[in-house]
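This report concerns the side-chain interactions of one protein chain. Please consult the sequence and the model shown here while reading.

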Amino acid sequence: QVQLVESGGGSVQPGGSLRLSCVASGFSLKSYAVGWFRQAPGKEREPVSCISSFNDVTYTRASVRGRFTISRDNAKNTVYLEMNSLKPEDTAVYYCAAENVYGETCPPDYEVWGQGTQVTVSS
């Protein structure tokens, strides 16, 4: 019954902001690395950002660095992706994923995935 559920997606104009949430149920995120991924139509899924289970070390792809911020609140069993200055090329389905690995790094693979939330950036 382990699950991740994303929310917070929607349609915004370029330059707008959204905050995505990823809520875990059936397990605790405390010992999990969590990543955000996105997939645009016809394109491969790509990593966006991740946060480690220990010390909350973050890694973010260059195209969104400075605009997107990943964070976690273990008390709420939730990971967030704050997205600012959104661009049309950010349009995609955004997924969160978790892997039970404890450390300051993010893993290459994840065992639990959410169903995704749509983010659309257009004029």
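The model is predicted, so local features require pLDDT of at least 70 and side-chain atom pairs count only at pLDDT 80 or more, whereas totals for chains, interfaces and linings use all residues. Residues are numbered from 1 along each chain as its sequence is written, and side-chain values use heavy atoms, with hydrogens and water left out.

**Disulfides**

The structure contains 2 disulfides, a disulfide being a pair of cysteine sulfur atoms within 2.5 Å. Strands, here and below, are DSSP runs (E, at least two residues) numbered from the N terminus.

| Disulfide | S to S distance | S-S torsion |
|---|---|---|
| Cys22 and Cys96 | 2.0 Å | about 70° |
| Cys50 and Cys106 | 2.1 Å | about 110° |

The torsion of about 70° makes the disulfide of Cys22 and Cys96 right-handed. Cys22 belongs to strand 3 and Cys96 to strand 9, so this pair ties together parts that are 74 residues apart in sequence. Buried denotes under 20% relative accessible area, exposed over 50%, and partly exposed the range in between (1.4 Å probe, protein chains only). Cys22 is buried at 0% relative accessibility, and Cys96 is likewise buried at 0%.

The disulfide of Cys50 and Cys106, with its torsion of about 110°, is right-handed. Cys50 lies in strand 5 and Cys106 in the loop between strand 9 and strand 10, so the bond ties together parts that are 56 residues apart in sequence. Cys50 counts as buried, with 9% relative accessibility. When the bonded cysteines of the chain are numbered in sequence order, the pairing reads 1-3, 2-4.

**Nonpolar core**

In soluble globular proteins, nonpolar side chains tend to be buried together. A nonpolar core is a set of buried Ala, Val, Leu, Ile, Met, Phe, Trp, Tyr and Cys residues joined through side-chain atoms within 4.5 Å. The largest such core has 28 residues, and those with the most contacts inside it are Leu4, Leu29, Trp36, Leu81, Met83 and Tyr94. Strands that each supply at least two residues of this core include strand 3 (18-25), strand 4 (33-39) and strand 7 (68-73). Leaving aside residues up to four places away in sequence, Met83 touches several residues, among them Leu18, Leu20, Tyr94 and Val119; contact means heavy atoms within 4.5 Å.

**A buried aspartate**

Asp90 occupies the loop between strand 8 (78-83) and strand 9 (92-99). Asp90 counts as buried because its relative accessibility is 1%. Its side chain makes a polar contact with the side chain of Arg67 at 2.8 Å. A polar contact is a pair of N or O atoms within 3.5 Å; within protein, one must be able to donate a hydrogen and the other to accept it, and residues adjacent in sequence count only if both atoms are side-chain atoms.

**Aromatic rings**

Rings of Phe, Tyr and Trp (its six-membered ring) pair if their centres lie within 6.5 Å; planes under 30 degrees apart count as stacked, over 60 as edge-to-face and the rest as tilted. The count comes to 5 aromatic pairs. One of them is the tilted pair of Phe54 and Tyr102, at 5.5 Å centre to centre with 50° between the planes. Phe54 is partly exposed at 36% relative accessible area, while Tyr102 is exposed at 55%.

How values were computed:
Helices (H or I, at least four residues) and strands (E, at least two) are DSSP runs, numbered from the N terminus.
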